[in-house]
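Keep the sequence and the coordinates open while reading.

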Amino acid sequence: MEPIMKNRLVIKIGSNVLMNPDKTLDTDTMRSLCKQVSDVTKNGYQIVLVSSGAVAAGRESLSHLTFTDEIARRQVLASVGQVGLMNEYSTIFKKHQKQIAQILVTKEDFRDRNHYLNMRSCLENLLMNGIIPIINENDAVAITELMFTDNDELATLVSGMLNVSKLIILSNVDGIFTGPPTEKDSTLIHTIETDNPQYRQGISAERSSFGRGGMLTKATMASKLARLGIEVVIANGKKSGILPALLENRKDGTRFVPKRKASNVKKWLAYNNDQEKGKITVDAGAVRLLVSPDSIRSLLPVGVTAIEGNFQRGDLVGIYTPEHKKIALGLAQYGYKTAKQYQGKRNKKPLVHYDYLYVLY
């Protein structure tokens, strides 16, 4: 299992942090956050920024244009806005003697294992050379089925990829409250245990003003990442000095307590739940062994009752109960033909080894 990188952070900056109420770019907040990031790196931290704001910045520049197609609108606004956004980041960081790099990605880059590993290698090399990567979705080429839910999802994927110690999600609110933040009786929840879902009851499903997501999306992504062993904090990016406050563990924002650390392979599996090439049905005994918290088991052919899909070695396969409920997924250790030959037999090597198996429940 890869060691946790205690000095490595991902910071996601939301559109509502970077924009003023009049839809112009909030350069004051950008300058403040860039200075905080620069100061943090002087203390030995490696920082990756996942920055929204390209579409919103493009809207500021192209407010006179009209579109009938939503995808075309996002493509044009992002293409123009990304240039202005990165120019602003570059100008500000240069004043702090910091070099930045731009990385634009789509969901397909995370689904393909080779793309995933190449991207991770690029980011690792940038960080080792003291360069701050700034990542955003490539809205100019992304189509609906290849779009992230929002940049909160992108930030969690990057966090898992780089084995960071903490993901900081900066929004324009202080964190997660017991009810709507505008109500006087609502209080900020400072700590959330991911196995206690009651906190979700007070979260509004309403989306943000400029971005595609909302607090419910943030909470869902944060909870998932914390279950994989990475701490997540949701906090107010407009608040002065928020980054050093969070790193000094002051009571700012909402912290999702991390569980046992998972390997990078398992993190990759966790976010590719819809990409399986085959379906493996197992008996009740295999189900009990796989989902037991006290059991570390590979999937053996003896517990397999049915196999579907012409998968090859290394392909992603889903694992299902006799009632057709998916309980796990993993990477096949051999292809469909061999799996059919081994089905139901004892003393055969695992169809999915534990190191490449992710249990959903």
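Which residue in E4 is the bridge partner of isoleucine 100? The model is a predicted one, and in it isoleucine 132 takes that place. The two strands concerned, E3 and E4 (residues 132–137), run parallel to each other and are joined over 6 bridges.

This pair belongs to an open sheet of 8 strands. Read across, the order is E3-E4-E2-E1-E5-E7-E8-E6, with mixed pairing. From one strand to the next, the twist averages 20 degrees.

Helix H2 (residues 27–42) touches E1, strand E2 (46–51), E4 and E5. The direction of H2 makes about 155 degrees with that of E2. H8 also packs on the sheet, where its contacts are E1, E5, E7 and E8. Between the directions of H8 and E7 the angle is about 155 degrees.

Buried residues of H8 are Met215, Lys218, Ala219, Met221, Ala222, Ser223, Leu225 and Ala226. An α-helix has 3.6 residues a turn, so residues three or four places apart point the same way. The buried residues of H8 pack against strand E1 (5–13), H7, E5, strand E7 (231–236) and strand E8 (254–257). Just after the helix, glycine 229 has a positive phi of about 105 degrees.

Asparagine 163 is not a glycine, yet its phi is positive, at about 60 degrees. Asparagine 163 sits in the loop between helix H7 (151–162) and strand E5 (164–171). Histidine 324 likewise has a positive phi, near 70 degrees, and lies in the loop between strand E11 (316–320) and strand E12 (326–331).

Are these two residues buried or exposed? Asparagine 163 counts as buried because its relative accessibility is 3%, below the 20% cut-off. Histidine 324 is exposed because its relative accessible area is 55%, over the 50% limit.

Methods. Residues numbered from 1 in each chain as written. Predicted model: local features only at pLDDT ≥ 70, side-chain atom pairs only at ≥ 80, totals over all residues. Heavy atoms only, no water. Helix = DSSP H or I, 4+ residues; strand = E, 2+ residues; numbered from the N terminus. Buried < 20%, exposed > 50% of the residue type's maximum accessible area, 1.4 Å probe, protein only. Contact = heavy atoms within 4.5 Å. Pairing = 2+ DSSP bridges. Axes fitted to C-alpha atoms, helices over the stretch in contact; angles between N-to-C directions.
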